[in-house]
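This report examines how the parts of one protein chain are held against one another. Please consult the sequence and the structure shown here while reading.

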Amino acid sequence: SVSSVLVCDDDSDGFIEFDLTNKDSEILNGQVGSEVLYYEDSSFTNPIDKNTLYQNITNPQTIYVRVVNDDTGCVNDNDTFDIVVNPLPDFTVTTPQIVCLNGPELVLSVENPAAVYDYQWTTADGNTIIGSQITVSSGGLYTVTGTTIDGTNCSRTREIQVNESI
């Protein structure tokens, strides 16, 4: 069987552009003298143009595969694969924020997460901290990367500018 195309959604619309020819070698598995054609439905009527990037029309979407032997014309229509576009973590942060240098410390946190994610912060001086919030006492650019925990490993990074005040 042909492996699914699992990708992270780069613009939160559920669709991606994909080069179907990237699947040719997996499907042919070393077989030479055959052409791979891709279809949106099992009727195999109009092959998808492999000269352009393909954008899925549903999510997930099944792609139907036809392999045609160049010499005999024999056809194999037994393979399919799915294109699955997984969502990026959805959360917000407030930026910019102000930290008072004479106290108290400022707590930076993720806001309105749409699900449970793993978070990794990078402080202005380059340290890494795990968790949904960090406490800071100096200004600079802080980043937080949320990563899905459902096995898709999709991640999104947000920045928070912290300005200092006395």
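A search of the whole structure, which is a predicted model, finds 1 disulfide. It is formed by cysteine 8 and cysteine 154, whose sulfur atoms are 2.1 Å apart. The two partners come from distant parts of the chain, 146 residues apart: cysteine 8 belongs to strand E1 (residues 5-8), and cysteine 154 to the loop between strand E12 (140-148) and strand E13 (155-165). The torsion about the S-S bond is about -90°, so the disulfide is left-handed. Cysteine 8 counts as partly exposed, at 31% relative accessibility, whereas cysteine 154 is buried, with a relative accessible area of 0%. Cysteine 100 is partly exposed, with a value of 33%.

In soluble globular proteins, nonpolar side chains tend to be buried together. The largest nonpolar core of this model has 17 residues, and Tyr38, Phe81 and Ile83 have the most contacts inside it. Helix H1 (24-28), strand E3 (34-39), strand E5 (61-69) and strand E6 (75-86) each give two or more residues to this core. A second, separate core has 15 residues, among them Phe91, Leu108, Tyr119 and Val144.

Beyond its neighbours within four places in sequence, tyrosine 38 is in contact with residues including Leu20, Lys23, Ile27, Ile63, Val65 and Phe81. Lysine 23 lies over the face of phenylalanine 81, at 5.3 Å from the ring centre.

**Aromatic pairs**

A pair of aromatic rings is described by the distance of the centres and the angle of the planes. The structure holds 5 aromatic pairs, including the two in the table.

| Pair | Centre to centre | Angle between planes | Arrangement |
|---|---|---|---|
| Phenylalanine 44 and tyrosine 64 | 6.4 Å | 80° | edge-to-face |
| Phenylalanine 91 and tyrosine 119 | 5.5 Å | 90° | edge-to-face |

Phenylalanine 44 lies in the loop between E3 and strand E4 (54-55) and tyrosine 64 in strand E5, so their pair ties together parts that are 20 residues apart in sequence. Phenylalanine 44 is buried, with a relative accessible area of 13%, while tyrosine 64 is partly exposed, with 22%. Ring pairs also link Tyr39, Phe44 and Tyr64 into a cluster.

Phenylalanine 91, in the loop between E6 and strand E7 (97-100), and tyrosine 119, in strand E9 (residues 117-122), are 28 residues apart. Phenylalanine 91 counts as buried at 0% relative accessibility, and tyrosine 119 is buried with a relative accessible area of 8%. The charged end of arginine 158 sits over the ring of phenylalanine 91, 5.7 Å from its centre.

Methods
Residues are numbered from 1 along each chain as its sequence is written. This is a predicted model: local features need pLDDT of at least 70, side-chain atom pairs count only at pLDDT 80 or more; totals for chains, interfaces and linings use all residues. Side-chain values use heavy atoms; hydrogens and water are left out. A nonpolar core is a set of buried Ala, Val, Leu, Ile, Met, Phe, Trp, Tyr and Cys residues joined through side-chain atoms within 4.5 Å. Buried means under 20% relative accessible area, exposed over 50%, partly exposed in between (1.4 Å probe, protein chains only). Helices (H or I, at least four residues) and strands (E, at least two) are DSSP runs, numbered from the N terminus. Contact means heavy atoms within 4.5 Å. A disulfide is a pair of cysteine sulfur atoms within 2.5 Å. Rings of Phe, Tyr and Trp (its six-membered ring) pair if their centres lie within 6.5 Å; planes under 30 degrees apart count as stacked, over 60 as edge-to-face and the rest as tilted. A charge sits over a ring if NZ of Lys or CZ of Arg is within 6 Å of the ring centre and within 35 degrees of the ring normal.
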